[in-house]
Amino acid sequence: MTHTDSTSLRQAIIDSCRWMYASGLNQGTSGNISMRCGDHMIITPSGIPYDQLQPDMFCRVPLNADPDPSDDGKPSSEWRFHQALLNTKPEQPVVVHAHPAHATAIAVQGRAIPACHYMVAAFGGNNVPLVDYALFGSAELAQMVTVAMAQRSGCILANHGAITTGGSLARALWRMEELENLARIYLLAQSCGVPRILSDQQMNEVLLAFGNYGPKE
């Protein structure tokens, strides 16, 4: 699955970045979005506030090579895990990265998000996995993200943030919002007792019934 690069597509990504900022899923210039377009990906540039972002500021990065240093603009420092996920998940051509507070708080504690709610099924299994810490933008982080996301559409990054993927921009953004809500629910439940975690059998039943719930891929 792929998309055709266009001004309207880039504007849709800009609008999505601004929505994440307004929703509290991101802060400052943190976070980034990429989309597969043929043999390249387009990705938000590094260090530009969302309210200043324009369609011509996006970076085009080959899916099979490093960015060309002679090109104008500098891609997000996280281009490596975006590229890796777009290469290994052909059915999901959109990658969203953010630093949502509750999901990041759990990642700072070094924990995955367990099946505290059936909506964990939105990410393809019985938890939202944790990726161990590695330097942002590193090849090591990209490799660990690829492994963790092989059977998932979302993960949290130790001492860092969260990633979701989708067959559409709407689907990937929906997953990021759901991930943050799950993290908030889990932390609230822990603050006043011991959360009841759904069993693997219960989650298998949910996964079978879940289908393609949510925005279209």
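Asp5 is partly exposed in this predicted model, because its relative accessibility is 24% (buried means under 20% relative accessible area, exposed over 50%, and partly exposed in between, with a 1.4 Å probe and protein chains only). The model is a prediction in which local features need pLDDT of at least 70 and side-chain atom pairs count only at pLDDT 80 or more, whereas totals for chains, interfaces and linings use all residues. Residues are numbered from 1 along each chain as its sequence is written, and side-chain values use heavy atoms, with hydrogens and water left out.

A search of the whole structure returned 2 salt bridges, a salt bridge being a side-chain nitrogen of Lys or Arg within 4 Å of a carboxyl oxygen of Asp or Glu. Asp5 pairs with Arg10 at an N to O distance of 2.7 Å. Arg10 counts as buried, because its relative accessibility is 12%. The side chain of Asp5 also forms a salt bridge with that of Arg60, at 3.2 Å from N to O. This second pair links distant parts of the chain, since Arg60 lies in strand β3 (residues 59-62) and Asp5 in the segment before α1 (7-23), 55 residues apart. Helices (H or I, at least four residues) and strands (E, at least two) are DSSP runs numbered from the N terminus. Arg60 is partly exposed, with a relative accessible area of 38%. Through shared partners, the salt bridges join Asp5, Arg10 and Arg60 into one network.

Helix packing was examined for α3 (residues 101-108) and α5 (residues 169-191), whose axes come within 7 Å and cross at roughly 60 degrees. Axes are lines fitted to C-alpha atoms, for helices over the stretch in contact, and angles run from 0 to 180 degrees between N-to-C directions. Ala101, His102, Ala103, Ala105 and Ile106 of α3 meet Leu179, Glu180, Ala183, Arg184, Tyr186 and Leu187 of α5, contact meaning heavy atoms within 4.5 Å. The residues of this contact comprise 8 nonpolar, 1 polar and 2 charged. Here Ala, Val, Leu, Ile, Met, Phe, Trp, Tyr, Cys and Pro count as nonpolar, Asp, Glu, Lys and Arg as charged, and the others, Gly among them, as polar.

Ile113 is located in the loop between α3 and β5 (130-131). Ile113 is buried, with a relative accessible area of 0%. Not counting residues up to four places away in sequence, Ile113 touches Ile106, Asn127, Val128, Ile156, Leu179 and Ala183. The C-alpha atoms of Ile113 and Ala183 are separated by 6.8 Å, although the two residues are 70 residues apart along the chain.

Arg171 belongs to helix α5 and counts as buried at 3% relative accessibility. Its contacts, not counting residues up to four places away in sequence, are with Gly166, Asn212, Tyr213, Gly214, Pro215, Lys216 and Glu217.

Asn159 occupies the loop between β6 (154-157) and β7 (161-166). Its phi is near 55 degrees, a positive value in a residue other than glycine. At 48% relative accessibility, Asn159 is partly exposed.
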